Amino acid sequence: MAAQPNYALPNGYLLMDYRIVRKIGGGGFSLVYLAYDSNDQPVAIKEYLPGSLVKRGENDQVEPLTQENANAFRYGMKCFFEEGRSLARILHPNVVRVENFFRANDTVYMVMRYERGKTLQDHIRAHRGEVREGFIRRVFAELLNGLREVHTQKLLHLDIKPSNIYIRMDGSPVLIDFGAARQTLTLDQPLLAPMYTPGFAAPEQYTDQTMLGPWTDIYSVGASLYSCLAGFAPQAADARLISDKLASARSTWSSEYSESLLGIVDSCLHLNYMERPQSVFALQKALMETPPPLSKKRKIMASLRKTLNREIF
Amino acid sequence: MRFSIYQASRQGGRDYNQDRVAYSYSRDALLMVVADGMGGHSHGELAAQITVQTLAATFQRHARPKLSDPATFLHGALERAHLAINDHARTHNLNEIPHTTCVACVLQDDSAWWAHVGDSRLYLYGDNGLVTRTRDHSTVQQLCDDGFITQEEMKNHPDRNKIYNCLGGLMSPEVEVSRPIPLSEHDTILLCTDGLWGALTEEQIAATLRAFPLARAIEFLMDHAELRAGHAGDNLSAVAMTWGTMGEAGSQSVSTLTMPINTFTTKMDDLPAIPTDLAEEEVERAIAEIQDAIKKYSGK
């Protein structure tokens with residue numbers, strides 16, 4: 001279902017104690033604004049606004065499009081609460097921090113700490129194909145600390161991808177946007193069908209929602225690692241299930257990255273979830289091992305292969 | 001009129017039941033309807049619900065106590081349902097017009113008339129097995145009629161869900177209306193969605209209807225179809241009527257002889273409420289809980 005035109009709250013809008021600066025993101029379920037709180041500290045405010053179900057009406061109030069939608073809207077709100085509830089219990093430097101949660105305009109808002117920096121996606125774009133192994137290992141090993149905490153709270157992220165990994169100014173990563181965590185809860189609610197990010201969603205997210213687990217997030221971590229090496233997302237899992245054309249990291253980048261890192265990437269991207277690392281801890285441990293120094297000179301074939309890859313995408 | 005009637009609808013392995021069934025009868029006429037809201041289209045269940053409601057309402061307006069012309073009634077009522085779906089989509093600003101199949105049957109004067117759009121079916125069984133059934137408005141039925149595939153191959157063909165005729169949408173439906181068929185004692189008419197017929201053969205249905213009283217037979221067929229379809233099985237729905245029989249366990253036995261002339265008995269399930277609706281106080285409680293957690297974990 002296509003989203004209805006939902007306009008964002010205007011810049012300068014006063015929402016409780018917060019002053020909206022501008023809209024900085026949003027998807028099918030919500031909009032995200034940059035705002036300042038009463039102490040002039042920046043925050044990110046997420047507004048629950050499923051575009052397929054509601055519109056913004058008089059006085060910025062959110063109104064369901066139809067009566068049936070009102071029920072679905074309320075149901076989705078419950079999922080938004082789940083996200084807030086889970087995040088509120090996670091106090092971890094590598095997971096986005098929730099600072100407030102409130103009701104206004106007939107919908108609900110989640111206030112999160114605003115992180116300065118850029119997304120991993122921006123970093124990949126800026127260093128296409130040249131992301132250093134040391135950077136990859138450090139960022140992911142640290143990020144997995146956060147993911148471990150998430151899994152400890154019995155929550156799955158389900159939408160890990162470079163654009164949801166924020167790199168702060170000091171280089172530390174933070175996992176943002178837990179909106180997809182609602183996926184596990186919407187199985188009986190077709191109006192709020194789950195959304196996947198092609199390339200990063202695990203095969204079981206397309207096929208069997210009952211098979212989701214930590215291994216699902218691990219696939220997405222593997223896909224994110226892969227895109228650090230490649231500069232683009234791997235082939236989407238649903239397409240891989242039909243015809244797997246994904247070139248293994250080991251065969252593609254053997255001259256640029258260590259054997260162990262490439263092995264980790266390939267192991268995370270197994271279509272069969274049983275063959276992936278079974279816990280974030282195991283994956284983290286592997287990432288934190290110091291790689292043997294890479295002494296081989298780049299071979300002409302590898303160089304050619306890399307150039308070809310770049311040309312295609 | 002005397003008959004036994006039974007209807008049932010199951011969700012199968014789906015997250016949502018988009019099938020709707022209903023029957024309604026006056027002293028001299030009976031209407032049965034099955035509609036299968038279309039998956040892949042949003043709000044398929046709305047289209048199905050509007051269809052059964054429109055048919056029942058139109059029936060009750062015109063069966064006084066019987067219809068002057070059942071064939072015209074069926075044709076008109078299905079067209080009316082099509083327009084009602086489109087009206088609903090327009091007034092509620094739905095992004096997509098929902099679609100539904102429909103099969104409806106009228107019984108009066110010891111005869112049956114039926115009409116259908118799409119791939120929900122009507123079967124008429126007599127003492128010697130299948131008398132007739134509706135031909136689906138589907139790609140696979142055309143392939144079968146042209147001799148390219150067999151009846152059994154229809155059930156597993158990759159295009160089995162493609163239908164070219166439905167209620168709701170920009171294309172006007174082509175309502176196919178049968179000629180009247182006289183009914184004899186013990187004839188059974190079964191209206192069902194593809195969730196049921198897709199998992200069973202005509203012989204299985206015939207044998208089951210012969211072997212059990214109506215209500216047991218329908219539940220047995222549903223059990224069987226649901227089991228065969230497995231976890232991802234389609235919604236399955238049926239309404240069935242056996243003419244002239246009385247006193248069968250489970251199904252409703254009806255004698256309309258004593259009914260006042262302009263009254264109706266209708267069985268139709270309401271649109272089920274979404275079960276996990278959030279009450280006002282729950283919203284407040286959830287917010288308070290989250291704020292508590294934020295305070296507690298941030299050490300403020």
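What pLDDT does chain A average, and what percentage of the residues score at least 70? In this predicted model, chain A averages a pLDDT of 83, and 86% of the residues score at least 70. Within chain A, the highest mean confidence, 94, belongs to strand 11 (residues 173–175) of chain A, whereas the lowest, a mean of 66, belongs to helix 10 (residues 300–312) of chain A. Residues 1–5 of chain A stay under 50 in pLDDT, and the model gives them 12 contacts beyond four places in sequence. The pLDDT is also below 50 over residues 182–193 of chain A, a stretch with 28 contacts in the model beyond near neighbours in sequence. Where pLDDT is low, the predicted coordinates should not be read in detail.

A pair of helices in chain A was examined next. Helix 3 (residues 133–152) of chain A packs with helix 5 (residues 214–230) of chain A at an angle of about 160 degrees, their axes lying 12 Å apart. Because angles over 145 degrees count as roughly antiparallel, helix 3 of chain A is described as roughly antiparallel to helix 5 of chain A, and the crossing of these two helices is right-handed. From helix 3 of chain A, Ile136(A), Phe140(A), Leu147(A) and His151(A) meet Pro214(A), Asp217(A), Val221(A), Leu225(A) and Cys228(A) of helix 5 of chain A. By class, this contact has 7 nonpolar, 1 polar and 1 charged residues.

In chain B, the axes of helix 1 (residues 44–62) of chain B and helix 2 (residues 70–91) of chain B come within 9 Å and cross at roughly 135 degrees, an angle that makes helix 1 of chain B oblique to helix 2 of chain B. The crossing is right-handed. Among the residues that meet here are Leu46(B), Ile50(B) and Leu55(B) in helix 1 of chain B, and Phe73(B), Arg80(B) and Ile85(B) in helix 2 of chain B; by class, the contact has 9 nonpolar, 5 polar and 1 charged residues.

Chain B also contains an open sheet of 6 strands, arranged in the order 7-6-10-11-1-12 with antiparallel pairing. Strand 7 (129–133) and strand 12 (252–255) of chain B are the edge strands, each pairing on one side only, and neighbouring strands of the sheet are turned by 20 degrees against each other on average, direction ignored. Strand 10 (residues 188–192) of chain B pairs with strand 11 (residues 236–243) of chain B in the antiparallel sense over 5 bridges, and Ile189(B) stands opposite Met241(B) in strand 11 of chain B. Across strand 1 (2–10) and strand 11 of chain B lies helix 7 (residues 214–229) of chain B, which runs at about 25 degrees to strand 1 of chain B.

Technical notes. Residues numbered from 1 in each chain as written. Chains lettered and ligands numbered in written order. Predicted model: local features only at pLDDT ≥ 70, side-chain atom pairs only at ≥ 80, totals over all residues. Pairing = 2+ DSSP bridges. Helix = DSSP H or I, 4+ residues; strand = E, 2+ residues; numbered from the N terminus. Axes fitted to C-alpha atoms, helices over the stretch in contact; angles between N-to-C directions. Contact = placed C-beta atoms within 7 Å. Parallel < 35°, antiparallel > 145°, perpendicular 65-115°, else oblique. Left-handed = near helix turned anticlockwise from the far one by under 90°. Nonpolar A, V, L, I, M, F, W, Y, C, P; charged D, E, K, R; others polar. pLDDT = per-residue confidence, 0-100.
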